[in-house]
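Work through each task, then compare your steps with the solution.

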Amino acid sequence: NTERLLPGVVIQNNILAANTDGIRISGEPIVVGEQVAAVPFARVINNTLVGLNTTGTGITVQDNASPTLLNNIVMQFETGIDIDSSSETTVIGGTLYKDNDANVSNTNVGEGSFVIQLDTDEVLFVNRGGGNYYLNPGSEAIDSSINTLEDRAVLTTVKEPLGISPSPIHAPDTDV
């Protein structure tokens with residue numbers, strides 16, 4: 001395909017709490033004179049990433065990676081999602097941001113579609129201090145996810161002539 005996308009890992013339904021850094025999706029840097037590598041296309045779906053008092057980064061995307069980040073909670077990091085300039089084909093949707101110094105580092109990509117931004121005083125979890133990351137009753141995160149995101153067009157153009165069915169991204173019916 002024209003974007004050199006290569007399907008990769010699925011990271012789904014995890015709670016990563018009290019970390020300075022969360023998830024890192026990385027490809028290969030382009031080196032002049034060498035063959036250009038494939039671009040990893042990961043699916044990062046329905047994860048809860050909670051930092052330590054606005055230090056570190058929730059999700060890092062670098063070196064020509066192109067993941068889809070769907071229905072994630074990213075809170076209390078210095079940078080919620082850090083996307084370098086070589087990874088601007090990253091897709092972000094349905095992300096809930098809370099108490100990050102900066103939600104997304106790359107203004108060309110932006111915060112994504114269907115953004116939820118919680119204020120500092122809004123309670124997200126039942127008992128975060130006690131390690132209970134169930135969503136607080138009435139939280140905006142409940143039933144706010146994107147149900148389905150269609151396969152990227154550059155992938156279907158390759159798959160369709162080969163008789164390979166599309167592979168849309170579906171939000172899980174349940175989560176942790």
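**Exercise 1.** Decide whether Y133 is buried or exposed.

*Solution.* Start with the cut-offs: buried means under 20% relative accessible area, exposed over 50%, and partly exposed in between (1.4 Å probe, protein chains only). Next, take the value for Y133, which is 18%. Y133 is therefore buried. F125 can be treated likewise: its relative accessible area is 5%, so F125 is buried too.

This is a predicted model, in which local features need pLDDT of at least 70 and side-chain atom pairs count only at pLDDT 80 or more, while totals for chains, interfaces and linings use all residues. Residues are numbered from 1 along each chain as its sequence is written, and side-chain values use heavy atoms, with hydrogens and water left out.

**Exercise 2.** Describe how the rings of F125 and Y133 are arranged.

*Solution.* Rings of Phe, Tyr and Trp (its six-membered ring) pair if their centres lie within 6.5 Å; planes under 30 degrees apart count as stacked, over 60 as edge-to-face and the rest as tilted. By this rule there is 1 aromatic pair. F125 and Y133 form that pair, at 5.0 Å centre to centre. Their planes are 75 degrees apart, making the pair edge-to-face.

**Exercise 3.** Find the bridge partner of F125 in β15.

*Solution.* Strands here are DSSP runs (E, at least two residues), numbered from the N terminus, and two of them pair if DSSP finds at least two bridges between them. Strands β14 (residues 125-127) and β15 (residues 132-135) run antiparallel, joined by 2 bridges. Within β15, L135 is the partner of F125.

Technical notes
Helix = DSSP H or I, 4+ residues; strand = E, 2+ residues; numbered from the N terminus.
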